[in-house]
Amino acid sequence: MGRSGLICAFLLAVCCCSRRAAGVPGEAEQPEPELVEVEVGHTALLKCGLSHAQGNLSHVDWFSVHKEKRMPIFRVRQGQGQSEPGEYQNRLSLQDKGTTLVLTGITPHDDRIFTCQGKRRAQEHRIRLRVYKAPEEPSIQVNTLGISVNSKEPVEVATCVGRNGYPVPQVTWYKNGQSLKEEKNRVHIQSSQTEESSGLFTLRSVLQAQVSKEDKDAQFYCELSYRLPSGNHMKESKEVTVPVFYPAERVWLEVEPEGMLKEGDRVEIRCLADGNPQPHFSIIKQNLNTREMEEERTDDNGVLVLDPAQKEHSGRYECQGLDLETTTSLQSDQQELVVNYVSDVRVSPAAPESQEGSSLTLNCEAESNQDLQFQWLREKTGKLLAKGQVLQLHNLKREEGGGYRCLASVPSVPGLNRSQLVNVAIFGPPWMASREKKMWVKENSVLNLSCEASGHPRPSIVWSVHGMASEQDQEPQNVLSVLNVLVTPELLETGAECVASNSLGRNTTIIFLELDSNRTTNLSTSTISPPARANSTSTEKKLTEPESKGVVIVAVTVCVLVLALLGAVLYFFHKKGKLPCGRSGKQEITLPPSRKSEFVVEVKSDKLPEEMGLLQGSSGDKRAPGDQGEKYIDLRH
């Protein structure tokens, strides 16, 4: 072959290769598969889209293509379908007169290409079945051990896990709402996936980062992005905060409660720092005598508790902190602690005494670090008597003896006050609550008799009868004696006498005892006069006697009504003639002129003696001893 022949052959080869690479005009290119999207567990409808007449679909073969391997799964002959043996044998059926293949129970393994082919092999329609499954809510696990700001390399912050999704979702990390990207030596995101036996995927993503002090409150979370037939979706995890360790730069002291403190409060003093973890603290206080700082004893949490706070706790306090990681020592500013107080409330004279009718002056003093206000109160009633340090008592009476209280308070500190009680004694003989008392008792019962007396000097009490006596102190000048006795006939006859005496005189109270069985009679026939009393209130409660006048009036009224009714009945029968009134059986009674206006009442002899007596008593006349039978009384004008 000549040189020209070789050139022609070369050009022809190049032309053929170019034509083969570019495609021969007139030949059909392979079209893109039809896309069908479905979720796991749902049903897929695979429609054979052969561009031929409906009758040509009576002979169709269906195939699945997986990993470039083509497997027959279904065939249609004369409009009748039949599954081929294999994984799709029981999941396929025909629909729409054989034009659609129905695939049920979709799983991730069904994500592949399906083809249908007509009788002529050149006729083929491809379908791309895409399967989706939303992942579960993402879980996030933070690094609980924490991260030091001194770390030179990125350290694990948190791990995000998304389970059972298909296909594998995309993960995005966020800090304080801002997405994180890979950054050399600062941020590193490492993700991996695991395919489960079900075909679903589990995604695991680890965020590693370097942190600073500003990240101590940073919120981290992860986001999973995935697709479903309905579109794109996303799910977010909860937010977490990773412990960040950084050295302290400042230490300070905190006191609770805030505001002005007073004696008796519970006060807590604690140290705080701006580092994490908190350094080891010591609380020290300045000694007022030596001016040296001395360490105070704290509880297990490093808190100094003053309970109750006292004025001695006032002074200068400060905190000292030691960072165990950097061995750096820090010291706070000194803080002045003031415990407000009121103390040493004193009244002079301490044991005041006075005669009746004279005057007395009481002075009150107290100590405090604040301005004081003084008040005088009566102990028995709580009545405010005066304001100021001095209380003047003029023209004293016996009743004004007893307790007086001086109250010293700090108006600027609510609840801060102290008081002192003093008892004023008024000289005088014993003073009894009552001179006479009456008690209702039962014979042979055990009884407590009480007797109260007051006076200055303090009186003593003796009883005129034997028994078990006990004394109870009421006030410095008062005494109450209780006598336990057995009620005997002799005691009922004599009663009991209580005698109180001191160096200035004596006084007596007599207690009369009456049996309960005599109570009703005595109530209707006797009047109890109130006992003579001194200028005080007795602690002995007297028995209340019911009124008897009403009972007597009711009884008399009933008797008069019964007599009037009886007289009216007898008079009625007499007028009707049903009562014989023969002259032989009657006796005329001549009445004085002053009684001639009274009625004539006929009384039979068979009436009861009581009735006869009542009638006779009412007229003031008696029946003749020899008169028997029917009687009458003629009351004439």
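Hi everyone. A word on ground rules: the model is predicted, so local features need pLDDT of at least 70, side-chain atom pairs count only at pLDDT 80 or more, and totals for chains, interfaces and linings use all residues. Residues are numbered from 1 along each chain as its sequence is written, and side-chain values use heavy atoms, leaving out hydrogens and water.

Let's start with the whole chain. It has five helices and 47 strands; these are DSSP runs, with at least four residues (H or I) for a helix and at least two (E) for a strand, numbered from the N terminus. Of the 637 residues, 36% are buried, meaning under 20% relative accessible area with a 1.4 Å probe, protein chains only.

β15 pairs with β16 (residues 201–209) over nine bridges, in the antiparallel sense. Within that pairing, Q190 stands opposite V206 in β16.

Finally, H109. Where does H109 lie? You'll find H109 in the loop between β7 (100–103) and β8 (112–117). H109 counts as partly exposed because its relative accessibility is 40%, and that class runs between the 20% and 50% limits, with exposed being over 50%. Leaving aside residues up to four places away in sequence, H109 touches Y88, S197, S198 and G199, where contact means heavy atoms within 4.5 Å. H109 and G199 are 90 residues apart in sequence, yet their C-alpha atoms are 6.4 Å apart in space. Thanks, everyone!

Terms used. Pairing = 2+ DSSP bridges.
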